[in-house]
Amino acid sequence: ELWILPELEGSIIRWRDKELGVELLKGYQEYGVRAGTWQDWTHRPLIGEGPVADTYTVIESAPGRLVVEAVRHDGLVVRRTMTLAPGSDRISVELALHNPTDEPLSQAVKIHPEFYDQGGMIPEIWGRRDGQWQQLNKDEDLISLAYGEYIEAEGYTALAYRVPSKNLTVVNEFDPEPLGGLLWFHNASANARQVNLELLPPTGRLAPGETLVLKGDYFATEAEPRGL
């Protein structure tokens, strides 16, 4: 179950897995109070990041499928397609960045979910590289309320976070080829309670008429990453 508000920065404010009985996004309760939305963000580390646009337009709406679109201040068209196939537990997200102008435009837009950490839990972070799952955060990281890392996408095909005490794993599977990198981050403090699994664009600019597409599948499971 997804709740999406196109006119509120295109935000996904709720993701509830009915089979597992868990809330994975809490923006529907805590918007403006703490993290909890899934948005398309401008990627500007150390400078200041945030949603691409204030409002989105609904392009297509059908059972299990929603397409929303925004135009950035410089003319970049940002289109997000969200699909939940019948009988599937996977949310497929496609973020298309298109330059309809006559000038090169920055393609620094990323997929930015702020998942619920299940109540101030410090999660295990996992990555699947060259077909093998490995835990990415070390023992010393597991005592830090907030911690994260940028990593190169090459060789990776999935990221995941696991909350062992809740028997919960959230997985993001993707094709690394169009990506510029990956970011995982968690903040278990009372004013955040989030875990991010982000897909980053490559550096550079889109030529006139050019389109860049980032794709990711997201799902929740009780299985440990190495058991997937």
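Modeller: Let's start with Asn187. At 16% relative accessibility, Asn187 counts as buried, because the cut-off for buried is under 20%. Keep in mind that this is a predicted model.

Colleague: Where is the place of Asn187, in terms of strands?

Modeller: Asn187 sits in strand E18, which covers residues 181-187.

Colleague: And what does the side chain of Asn187 make a polar contact with?

Modeller: With the side chain of Ser189, at 2.7 Å.

Colleague: Which residues does Asn187 touch, not counting those up to four places away in sequence?

Modeller: With those left out, Asn187 touches Asp117, Leu145, Ala146, Ala192, Arg193 and Gln194.

Colleague: Change of topic: the largest nonpolar core. How many residues are in it, and which touch the most other members?

Modeller: The largest nonpolar core has 45 residues. Trp15, Trp38, Phe115, Tyr161 and Leu182 touch the most other members. Apart from that core lies another, of six residues, including Ala158, Ala160, Val171 and Phe219.

Colleague: Take Phe115. What does Phe115 touch, not counting residues up to four places away in sequence?

Modeller: On that count, the contacts of Phe115 include Trp15, Trp38 and Tyr161. Arg193 and Gln194 are also among the residues Phe115 touches, and Asn187 touches Arg193 and Gln194 as well.

Colleague: OK, pockets. What volume does the largest pocket have?

Modeller: About 220 Å³. The lining of the largest pocket has 15 residues, and Asp17, Lys18, Glu19, Ser88 and Asp89 lie nearest the centre. Strand E2 (11-17) and strand E21 (211-221) are the elements that give two or more residues to this lining.

Colleague: Which element gives the most to the lining of the largest pocket?

Modeller: E2, with three residues.

Colleague: How does the lining of the largest pocket split by class?

Modeller: The largest pocket is lined by six nonpolar, two polar and seven charged residues.

Colleague: And the second largest pocket: what volume, and which residues line it?

Modeller: The second largest pocket has a volume of about 160 Å³. Its lining is made of Glu1, Leu2, Ile4, Gly64, Arg65, Leu66, Met82, Thr83, Leu84 and Ile91. By class, that is six nonpolar, two polar and two charged residues.

Note on methods
Residues are numbered from 1 along each chain as its sequence is written. This is a predicted model: local features need pLDDT of at least 70, side-chain atom pairs count only at pLDDT 80 or more; totals for chains, interfaces and linings use all residues. Side-chain values use heavy atoms; hydrogens and water are left out. On a 1 Å grid over the protein atoms alone, a cavity is a set of points where a 1.4 Å probe fits but cannot get out, and a pocket is an open set with protein on both sides within 12 Å along at least five of seven lines; lining residues have an atom within 4 Å of a point. Grid points are joined across faces, edges and corners, and a volume is the space filled by probe spheres set on the points. Helices (H or I, at least four residues) and strands (E, at least two) are DSSP runs, numbered from the N terminus. Ala, Val, Leu, Ile, Met, Phe, Trp, Tyr, Cys and Pro count as nonpolar, Asp, Glu, Lys and Arg as charged, and the others, Gly among them, as polar. Buried means under 20% relative accessible area, exposed over 50%, partly exposed in between (1.4 Å probe, protein chains only). A polar contact is a pair of N or O atoms within 3.5 Å; within protein, one must be able to donate a hydrogen and the other to accept it, and residues adjacent in sequence count only if both atoms are side-chain atoms. Contact means heavy atoms within 4.5 Å. A nonpolar core is a set of buried Ala, Val, Leu, Ile, Met, Phe, Trp, Tyr and Cys residues joined through side-chain atoms within 4.5 Å.
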